[in-house]
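Thanks for making time this morning. I have one structure to go through, and I will keep it brief.

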Amino acid sequence: QAIVDIALQLGAGCGPLVLSGGVFQNKLLTEAVLENCQAQGMKVLRSRSLPPGDGGLAFGQLLIANEVL
């Protein structure tokens, strides 16, 4: 619930919550976050083709850097 609460505080109305990084390899944590997001009406994005670990995280950072720079 803490992940969802912080996401709501920091990004209210800014778009979907993106779940990535090694922590989301943990099935129980991921399912709990997804359930809490659904209860709050939050949209969630997760990769279907990239791993949730460092490889997927680095790819996301590259996409953000490409938009910013």
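First, what we are looking at is a predicted model, not an experimental one. The protein chain has 69 residues, of which 17% count as buried. There are three helices and two strands. Reading from the N terminus, the order of elements is α-β-α-β-α. As for dimensions, the C-alpha trace spans about 35 × 25 × 15 Å along its principal axes.

Now the surface. The chain exposes about 5300 Å², and carbon and sulfur atoms account for 58% of that area. On charge, there are 4 positive and 5 negative charges, and their mean positions sit 10 Å apart.

One more number for the whole chain concerns contacts. Take the contacts between residues at least 6 apart in sequence: 67% of these join residues that are at least 24 apart.

Next, helix H2, which covers residues 27-40.

Which residues of H2 are buried? They are Thr30, Val33 and Cys37. These three cover an arc of only 65° around the axis, and therefore they lie on the same side of H2. The other side of the helix has exposed residues, namely Lys27, Leu28, Glu35, Gln38 and Ala39.

What do the buried residues of H2 pack against? Their partners are helix H1, residues 2-11, together with strand S1, residues 17-19, and strand S2, residues 44-46.

Thr30 is in helix H2. Its relative accessible area is 5%, and the cut-off for buried is under 20%, so Thr30 counts as buried. If we set aside neighbours within four places in sequence, Thr30 is in contact with Phe24 and Arg46.

Now to helix H3, residues 54-68. Leu57 lies in H3, and at 35% relative accessibility Leu57 counts as partly exposed. Leu63 also lies in H3, and at 45% relative accessibility Leu63 counts as partly exposed.

What about distances from these two? Leu57 and Gly21 are 36 residues apart along the chain, while their C-alpha atoms are separated by 5.4 Å. For Leu63 and Met42, the separation in sequence is 21 residues, and the C-alpha atoms are 22 Å apart in space.

Where does Pro51 lie? It is in the loop between S2 and H3. Pro51 has 47% relative accessibility and counts as partly exposed. Pro51 and Asn66 are 15 residues apart along the chain, and 20 Å separates their C-alpha atoms.

The buried residues pack against H1, S1 and S2. That is what I have, and I am happy to take questions.

Key
Residues are numbered from 1 along each chain as its sequence is written. This is a predicted model: local features need pLDDT of at least 70, side-chain atom pairs count only at pLDDT 80 or more; totals for chains, interfaces and linings use all residues. Side-chain values use heavy atoms; hydrogens and water are left out. Helices (H or I, at least four residues) and strands (E, at least two) are DSSP runs, numbered from the N terminus. Buried means under 20% relative accessible area, exposed over 50%, partly exposed in between (1.4 Å probe, protein chains only). Contact means heavy atoms within 4.5 Å. Accessible areas come from the Shrake-Rupley method with a 1.4 Å probe; for residues, only the protein chains shown count as cover. Lys and Arg count as positive and Asp and Glu as negative; His and the chain ends are not counted. The place of a charge is taken as NZ of Lys, CZ of Arg, CG of Asp or CD of Glu. The expected span of a helix is 1.5 Å times one less than its number of residues. The arc is that of the directions from the helix axis to the C-beta atoms.
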